[in-house]
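Below is a short note for a colleague who is new to this entry. Please read the numbered points with the structure open.

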Amino acid sequence: MSNHRILVVEDIHSIREAVKDILVRDYEVFDAENYDEAVKILSNEHIDLVITDIRMPGKSGLDLIKTIQKEYPSVQYSLMTAYNINDYINFAYQHDIWNIIPKYSFLDINLITVMVKKLIYKDIFGVEKYFSPDFKILESDREEEFLVPPENGIVFRKISSDKDRNYICNRVGKFLIEKGAPNAVQQILEELTSNAMIRAPRDSKGNSKYQYELPSRDLLVPLEHIQLAETDYFEIGYGIAENSYIVVVRDHFGSLNKKEILKRLDRHITVDSPTGLPAGLADSHGRGLYICREISDQLIFNIEKDTRTEIIALLDKQTNKGYKSLSIYEI
């Protein structure tokens, strides 16, 4: 057992015990059923991470996050809720909250264990963390070729040009759809690879290499017929494991900003009062990330600032879950 200490705050006894049961194997776990109990523990114990429900009798989990930020700035935190996480995206954006776990009919136990480990140890990269130990990963350098991924695993392939990207997106989409994935997986492939090719690469001054930016109009215009420099190549991973269709895109820039992700999600979720439409409807970018999150059961962002980004999209083979997690990790 590690010496890391976690506080679970949840007013429903059965859920609180379930979360404790899975975490107590690896961490020292404290629990509280409301805000007041949680603050008392925080004032008396060294806590590394707080996982709190949002809606509780008395002060809420959102109030607890504000208190932690003010009084215990070294303590990490995440939220869980049985309600629509989209309702809290604006609060997350305003208050620097990067991880919210949905409680469906019950908690996604695996997601909690992975999230805790990633937050505690700062070891955030790798799609294999979400699957069993026999998950397989193949790396291929072969261009202009589609490889069938291993059973219960994925294959990664480098992308060097817009032509190459279009080819592999079409082949991967066709493969996954033939295996039962929804047609919308094609949109995930297009959006995530487009971001990695056009928006991620930056020069030494931080300027985009493959698009024009017009900040005054919040506009991005990609170049045509892009051939990437070798240092700008990115990877796409695709496959099927357990109950999930998997798409992973990795770039080597880390230029995606977690605050920017939340800003774009918020602008496409929050309705503008006069028009009754999302504020971001006319934005030239950001909608793709919002759509990918809506299509996926989990959309996970792993960012090492200025170094690399990994975006993982998982689609459940059985059913599309109603509420989407918020999973953004940055080191």
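1. Arg16, Glu17, Lys20 and Asp31 are joined in a network of salt bridges; a salt bridge here is a side-chain nitrogen of Lys or Arg within 4 Å of a carboxyl oxygen of Asp or Glu. Helices (H or I, at least four residues) and strands (E, at least two) are DSSP runs, numbered from the N terminus.

2. This is a predicted model: local features need pLDDT of at least 70, side-chain atom pairs count only at pLDDT 80 or more, and totals for chains, interfaces and linings use all residues. Residues are numbered from 1 along each chain as its sequence is written, and side-chain values use heavy atoms, with hydrogens and water left out.

3. Lys20 is buried at 18% relative accessibility, while Asp31 is partly exposed at 27%. Buried means under 20% relative accessible area, exposed over 50%, and partly exposed in between (1.4 Å probe, protein chains only).

4. The structure holds 16 salt bridges. Another one of them joins Glu304 and Arg308, at 2.9 Å from N to O. Glu304 is partly exposed at 24%, and Arg308 is partly exposed at 35%.

5. Which residue carries the UniProt annotation "modified residue: 4-aspartylphosphate"? The unreviewed entry places it on Asp53; UniProt positions are given in the numbering used here, feature names are shortened, and annotations may be inferred rather than shown by experiment. Asp53 lies in strand E3 (residues 49-53) and is buried, with a relative accessible area of 5%. Leaving aside neighbours within four places in sequence, the contacts of Asp53 (heavy atoms within 4.5 Å) include Asp11, Thr81 and Lys103.

6. The whole structure has three aromatic pairs. Rings of Phe, Tyr and Trp (its six-membered ring) pair if their centres lie within 6.5 Å; planes under 30 degrees apart count as stacked, over 60 as edge-to-face and the rest as tilted. The rings of Phe131 and Phe135 are stacked, because their centres are 4.9 Å apart and their planes are at 10°. Phe146 and Phe175 form a tilted pair, with centres 5.7 Å apart and planes at 55°. Phe146 lies in the loop between strand E6 (136-140) and strand E7 (153-159) and Phe175 in helix H6 (residues 162-178), so this pair ties together parts 29 residues apart in sequence. Ring pairs link Phe146, Phe175 and Tyr238 into a cluster.
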